Every structure is written in structure tokens, then in C-alpha cells.
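Morning, everyone. Please look at the model on the screen while I talk.

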Amino acid sequence: ALREQLHQIVCEESDAHTQLLTEVSHMKEEARVLILKLGEDSADVSGPSDQTAHLVERHKSLRSFTGLLQARASERTEARQSREKKLHSMLAELEDVQDEGGHLDTALPLVDEPGGLSEALLTDIDRKIDDVAEWHAARRREAASLSGKIVKLKTELGIAEPSSVLSESPCAAAHCVSRSALTALNEQLELLESERDRRLSVLNECAECIAALQQKLSLTDEEMTLLPSPDSGLSQQALAAYHTELERLDQLKMKSMARLLSEAKERVAILWQELHMNDGEREASGTVCEPLRRLQDVEVADADDEEMLEAVEKEERRLRERLESSAKILGLMKKREGILAQRAEMLANVHDPSRLLGKGVGAGARLLQEQKLRVAVEKDLPKMNKKLIELVTVWQQEHAGEELRYCGETILKQIADQESEDDRRREEDKARKEAEKLQKISAKKASETPRVALPTGLAHTNRPRTAPVPKENAPRRAESSKPSNKATPRAPPAVATEALRVLQELGAGAPSKT
């Protein structure tokens with residue numbers, strides 16, 4: 001019986017030992033898994049070694065150690081869940097933080113995976129939360145900036161919203177951090193900016209039209225309406241004020257149509273004169289400036305008259321632009337015209353010999369001025385023609401080949417005709433001078449006759465004949481024939497000299513002096 005009891009005790013102890021070994025093995029495995037999850041170092045685990053410690057002590061130590069690991073794991077699980085919830089909430093508000101240009105890795109290992117509850121993982125989650133918080137703050141600042149601009153534009157445009165709407169808006173609730181909300185704010189801001197630009201453009205155009213009408217109608221300060229400045233606001237009330245003023249000025253314009261048309265016609269006529277347009281060019285304008293007879297007795301004009309005024313003003317703008325673009329050319333043409341007129345006067349006076357015999361104080365000055373003018377014409381006129389050809393060519397190229405005219409004729413043709421006429425005149429002068437030179441040579445040859453020897457008795461009859469004295473030289477000869485007190489040597493008579501020459505030729509002796 002004792003043996004059976006001992007055997008039963010041994011069996012019970014053996015079963016307990018086996019159970020303890022099994023539990024120790026399970027607890028060691030559980031501790032190993034928890035250590036991996038928590039990211040703990042196994043060398044830091046305290047407790048009796050397997051070789052020296054008793055099985056029961058080891059069992060107790062492992063149970064205590066496992067419980068400690070389980071409590072730590074439970075604590076870190078709660079911490080991880082809290083951090084993950086906050087991170088996911090912030091990411092949900094941001095929606096697409098990856099599109100901001102940065103990279104945020106939100107992937108986390110599972111709880112049961114090694115390191116799923118480690119301190120390093122919790123630290124990494126906190127860092128990601130801080131990064132997302134920075135993106136969140138940046139989005140909030142952007143939303144606040146957009147909201148401020150929207151409110152300012154609405155105030156400028158006179159768009160008022162109830163305070164309840166503003167308080168209930170997403171931006172007022174500080175939730176405009178998602179990309180879709182920011183996109184909506186940007187779109188709203190763009191619409192408001194577009195509306196502001198449109199209204200500003202309309203007001204500027206209206207202001208220009210009003211200023212032009214006020215100047216055209218010659219209104220005084222008392223007759224003008226004070227309008228709000230576009231800088232002070234772009235509300236519908238401001239637009240309505242400008243529109244009302246435009247309508248009032250249009251009515252005044254229709255009542256003053258006859259006067260406006262007459263003034264426009266006068267301005268066009270002045271431009272015609274400044275552009276040196278002839279009657280043909282003026283008639284080419286069509287019905288732009290037709291007579292205003294039918295408007296003289298009409299108080300209010302109709303649509304046709306307004307169209308006529310627009311046509312006249314359009315022609316005026318065209319002529320003014322033409323005058324501005326060709327001002328330098330027209331100035332040179334006017335100067336050239338003056339030079340040509342002076343040259344024509346000079347050429348007309350060339351054949352008047354009395355200008356060379358003129359007496360008086362200004363005679364020499366006039367001749368000197370004529371010489372200066374001749375030099376100026378010969379030097380300046382070709383340079384001016386060359387410069388005009390260059391300027392006109394460039395102008396016509398800039399105006400699609402349109403010919404620039406002066407007094408009804410193209411400038412290039414005028415210059416070409418003038419240069420051709422100058423060449424012809426020079427050729428004629430050259431031919432005339434050659435003919436005069438040949439005539440003088442022929443007259444000189446005809447006046448020269450050979451001398452013939454005469455007999456001695458006829459030598460005294462070979463006295464040379466003197467040419468008749470011109471009337472204008474008669475006073476001088478009369479003066480020379482007056483007796484003079486001065487003694488003048490007497491020259492040998494021409495007859496005696498001729499007789500001596502004839503006797504020498506005949507071989508006779510020298511005659512005695514007489």
C-alpha cells in the first residue's frame with residue numbers, strides 16, 4: 001500500500017512537473033513574442049536561469065515577467081490606437097497631403113508584427129502627427145488668406161452676406177483645410193476677381209466716353225455730374241450712376257448734332273489743309289463731310305445723323321493719324337517747296353542784265369544773297385530729295401503700299417519729275433553754251449582778213465577805219481577830246497608808219513623826215 005501511495009505521489013508529481021514544464025515553455029514563447037512586439041532587448045529580462053533556478057521558481061518568475069510584458073503591451077496598444085486615431089483624423093481633413101510636394105509615409109506595421117508596439121514606432125507616429133500638423137496649419141493659413149481676400153472683394157463689389165451665413169460657412173468653422181475646400185475658395189476668388197476686372201473695365205470705358213462727350217459738348221463745371229471714382233468702389237450703384245450720366249450726355253449730343261457736325265467738318269477741313277490735299281482727294285472721302293443743310297432747322301437729330309457724325313469723326317481720326325505719321329515728310333516737302341519757289345525766282349532773274357548794273361546800298365548784298373541761294377539749291381535740294389525718298393519709301397511700306405501724296409500728286413513722282421526737268425535744263429544750258437562758243441569762233445574767223453601790199457602813192461589811203469562810236473560812249477569821247485594841261489607824248493602817225501613798211505618791202509631808200 002505504501003508503494004502504491006508512493007507511486008501515486010510520484011505520478012502526481014511527475015504530471016505536475018510535466019505541466020509546469022509545459023507552462024514554462026508556453027510562457028517563454030509568449031514572453032518572446034511580446035518582447036518582439038514591444039521591441040525590448042531579451043538580455044534585459046531578469047529572472048533565474050534554467051540551469052540554476054528551480055522549476056517552480058522559474059515558473060513563478062516567467063509568470064511575473066509575462067504579466068509585466070502583457071501590461072506593457074496593453075498600455076502601448078492603447079497609446080498606439082490613440083495616436084493612430086489622431087493621425088487618421090488629420091489625414092482625413094487634409095485628404096491629399098501627398099499632392100503638396102512633400103512625401104509623408106503613413107504606412108504602419110500591424111500590432112502583432114515585430115516592433116508593432118515598440119517605443120520607436122510610437123515616436124515615429126508622433127513625428128508623423130507633427131508633420132501632418134504642419135500641413136494642417138499651412139492649409140489653415142491659406143484658407144484664412146483666401147477667405148480674407150474674398151471678404152474684401154465682396155465688400156468692394158458691394159456684395160453683402162448675412163452674418164449667419166458667414167458664421168455657418170466652412171471657413172468660419174475652421175475646417176477649410178481639405179484640398180477640395182481650398183479649390184472651392186480659389187474658384188470663388190477667381191470669379192470675384194473676374195467680376196471686379198469686368199466692372200472696372202466698364203467704368204473706365206464709361207469714364208472715357210463721358211469725358212469725351214463733356215469735351216465735345218463743351219460743358220461747364222456746373223453742367224457736369226459728379227461721379228464716384230472707380231477706386232472708391234465697384235458696386236452696382238456706381239455702375240448705374242455712370243450709365244445714367246451716359247444716357248443724359250447722349251441726349252444732349254443728339255440735341256447738339258448740327259453744331260457737332262459743323263465743328264467736325266471744320267476740323268476735317270483744317271486737317272485737309274495741313275495734309276496738303278487737293279479737291280480730288282477731298283472728294284474721295286465720299287459723303288463724310290457732305291453739307292449740313294438739312295440739319296440747320298432740326299432740333300433733335302436722328303440715327304442717320306449720328307452715323308454721319310461717327311463717320312466724320314472716324315475720318316478725322318484717320319487724317320490725324322496720317323498727319324502724325326507723315327509730319328516729318330510734310331515739313332520737308334514744305335521746305336522743299338520754298339526752295340523751289342526761290343530757285344524759280346532766281347532763274348527768272350538770271351536773264352535780266354540790269355541786276356548786274358544796279359546801284360545803291362543793297363545791290364552788292366542782293367548779288368551775294370543770290371549766290372548763297374544758288375549754292376544752297378545746288379547742295380541742299382539733292383540731299384533733301386534723297387531724304388524724302390527714304391522717308392516716303394518707309395512710310396509706304398508701313399502703310400501697306402499706300403501712296404503718299406502732296407497737293408494731289410505722289411511725292412515720289414514730284415521728285416522724279418523735278419530731277420528729270422533739272423537734267424533736261426542742264427543739257428539745254430550745256431548745248432546753248434556750246435552753240436555760243438562755236439558762234440564766237442566763227443565770228444572771229446570771219447573778222448580776220450589777210451593784208452595786201454599797196455603802191456607808194458596809195459599808202460596814205462590805207463588808214464584804218466575806226467568803228468562808229470556808240471551813243472553810250474559818246475560822253476566819254478567828248479570828255480577825252482577836251483584839252484588837257486598835261487603834256488602827253490605824241491605817237492607817230494599811222495600813215496607814216498605804214499609808208500615806211502611799204503618802202504622797205506620795195507627796197508627803196510629811207511625817206512626824209514617830214
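Start with K253, which is buried, because its relative accessible area is 10%. Buried means under 20%, exposed means over 50%, and partly exposed is in between, with a 1.4 Å probe and protein chains only. K253 sits in helix α6, residues 236–255. Helices are DSSP runs of H or I, at least four residues, strands are runs of E, at least two, and both are numbered from the N terminus.

What does K253 touch? Leaving out residues up to four places away in sequence, K253 touches L213, L217, L260, E306 and L309. Contact means heavy atoms within 4.5 Å.

A word on the source. This is a predicted model, where local features need pLDDT of at least 70, side-chain atom pairs count only at pLDDT 80 or more, and totals for chains, interfaces and linings use all residues. Residues are numbered from 1 along each chain as its sequence is written, and side-chain values use heavy atoms, with hydrogens and water left out.

Next, I9. It belongs to helix α1, residues 2–38. I9 counts as partly exposed because its relative accessibility is 45%.

Now confidence. pLDDT is the predictor's confidence in each residue, from 0 to 100. The chain's mean is 76, and 72% of its residues reach 70 or more. Where is confidence lowest, and where highest? Lowest is helix α4, residues 163–168, at a mean of 44. Highest is strand β2, residues 409–410, at 91.

Residues 43–49 stay under 50, with nine contacts beyond four places in sequence. Residues 506–514 also stay under 50, with four such contacts.
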